[in-house]
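Please have the sequence and the structure open while reading.

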Amino acid sequence: MRTIFRWAGLAVLILALAGAGIFFFILPARVDDSLNVVVPHDSWPVSAEAQALHDTLRVADLHSDLLLWSRDPVRRYGRGHTDLPRLREGGVVLQVFTSVTKTPSDMNYETNDSTSDDITLLAIAQRWPVDTWGSLYNRARFHARRLHRAEARSNGDFVVVENRDDLTAALAAHDRNPDLVAGILGTEGAHPLEGELANIPRLYDEGYRIVGLHHFFDNELGGSLHGISNAGLTDFGREAVRDLVEQGFIIDVAHSSEAVVREVLDITRAPLIVSHTGVRSLCETPRNIPDALLAEIAARGGLIGIGFWADVTCDDTPDGIARVIRYAADLFGVDAVALGSDYDGSITARFDASELAALTHALLAAGMSEADTRAVMGENQIRFFIENLPEE
């Protein structure tokens, strides 16, 4: 009988260890692979003319959620949309990396509450530090330090930029070393502040320079575009926006309610970004804010990042995305339009970061000039950050 119990106990232990192995070492990669899909496809057309132009571009993108996933940014992977090798292959010189710290269960574009959080289980499964399991601020800190560790291990091929001089130096270094990619840290929502203004300088000290005010739920600052209240800023939100701008942050309103966007435009003259979006008059969806708000953001020197997924473009092929970019350039001015892929943001894409030459081809095929193509593919974003990052 003791032998039976001994073997039964061993079997339970083996099953427990096997289950733990699946949970910690297999499940995270499978979740990543299932949520960050690249649709199988033949090679997209890229003419010799388009490739020649693309080879001279300094491509820049306003939104990647790579830091959420258990992929080493320095290594090339066969899943997801981005890593530093694929960014280089696509000609990317400047990439904004955002920190996703909380997502509601059953996430949708219409109505989400803030009571659930799917990131907690993901944090545990991916073996993030224990102090991240219950703290959104600590998750943002962890993501920032992950990116800085990637910089330290990149052999000089990746640099996190925090001010104008950093970016100018990185661009000069890229002229000497075409493999160099520069990164900027941003947050997907301001909930890592955890309702405390004192966390604004703490995030800044960790290297963040962009703060998205909201994600898929209402938070302490006010209403999300996909929340319950549709409200504007709270008293805390107004104070936080003023403090964020004073600290030197760039404000991203990609997931903020229409009322919040209007209030932020009233509070500050600082240029804003909408890091990943479409244009509502071309693609009617609750994910896209009204054209009038985008027009005001553009008129004040802001940037509109066009996303790469069908929910915001209504056509996620290179030709479809090029159509939205061209439409936005005609509507808001070419200088206001940038790329805002939302790569690795739980989207389905038709091409990954290594294939961005296909978008250059599509823009030229859509009738966009070489100068305008160069602008929307990266120069607008580079100019914006040289003008709006802190001076030091």
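Contact means heavy atoms within 4.5 Å.

## Basis of the report

This is a predicted model, in which local features need pLDDT of at least 70 and side-chain atom pairs count only at pLDDT 80 or more, while totals for chains, interfaces and linings use all residues. Residues are numbered from 1 along each chain as its sequence is written, and side-chain values use heavy atoms, with hydrogens and water left out.

Helices (H or I, at least four residues) and strands (E, at least two) are DSSP runs, numbered from the N terminus.

## Helix 13 and helix 14

Leu359, Thr360, Leu363 and Leu364 of helix 13 are in contact with Glu370, Thr373, Val376 and Met377 of helix 14. Sorted by class, these residues are 5 nonpolar, 2 polar and 1 charged. Here Ala, Val, Leu, Ile, Met, Phe, Trp, Tyr, Cys and Pro count as nonpolar, Asp, Glu, Lys and Arg as charged, and the others, Gly among them, as polar.

Two packed helices are described by the angle between their axes and the distance between the axes. Axes are lines fitted to C-alpha atoms, for helices over the stretch in contact, and angles run from 0 to 180 degrees between N-to-C directions. Helix 13 and helix 14 (residues 370–388) pack at about 140 degrees, and their axes are 10 Å apart. Helix 13 is therefore oblique to helix 14. Angles under 35 degrees count as roughly parallel, over 145 as roughly antiparallel, 65 to 115 as roughly perpendicular and the rest as oblique.

## Helix 12 and helix 13

Helix 12 (residues 318–332) packs against helix 13 (residues 357–365) at an angle of about 60 degrees, with 8 Å between the axes. This angle makes helix 12 oblique to helix 13. On the helix 12 side the contact is made by Pro318, Asp319, Ile321, Ala322 and Ile325, and on the helix 13 side by Ala358, Leu359, Ala362 and Leu363. Of these residues, 8 are nonpolar, none is polar and 1 is charged.

## The disulfide

How many disulfides (pairs of cysteine sulfur atoms within 2.5 Å) does a search of the whole structure find? The search finds 1. The disulfide joins Cys283 and Cys314, with the sulfur atoms 2.0 Å apart. Cys283 lies in the loop between strand 8 (273–277) and helix 10 (291–299), and Cys314 in the loop between helix 11 (310–313) and helix 12, so the pair, 31 residues apart, links distant parts of the chain.

Notes:
A disulfide is a pair of cysteine sulfur atoms within 2.5 Å. Buried means under 20% relative accessible area, exposed over 50%, partly exposed in between (1.4 Å probe, protein chains only).
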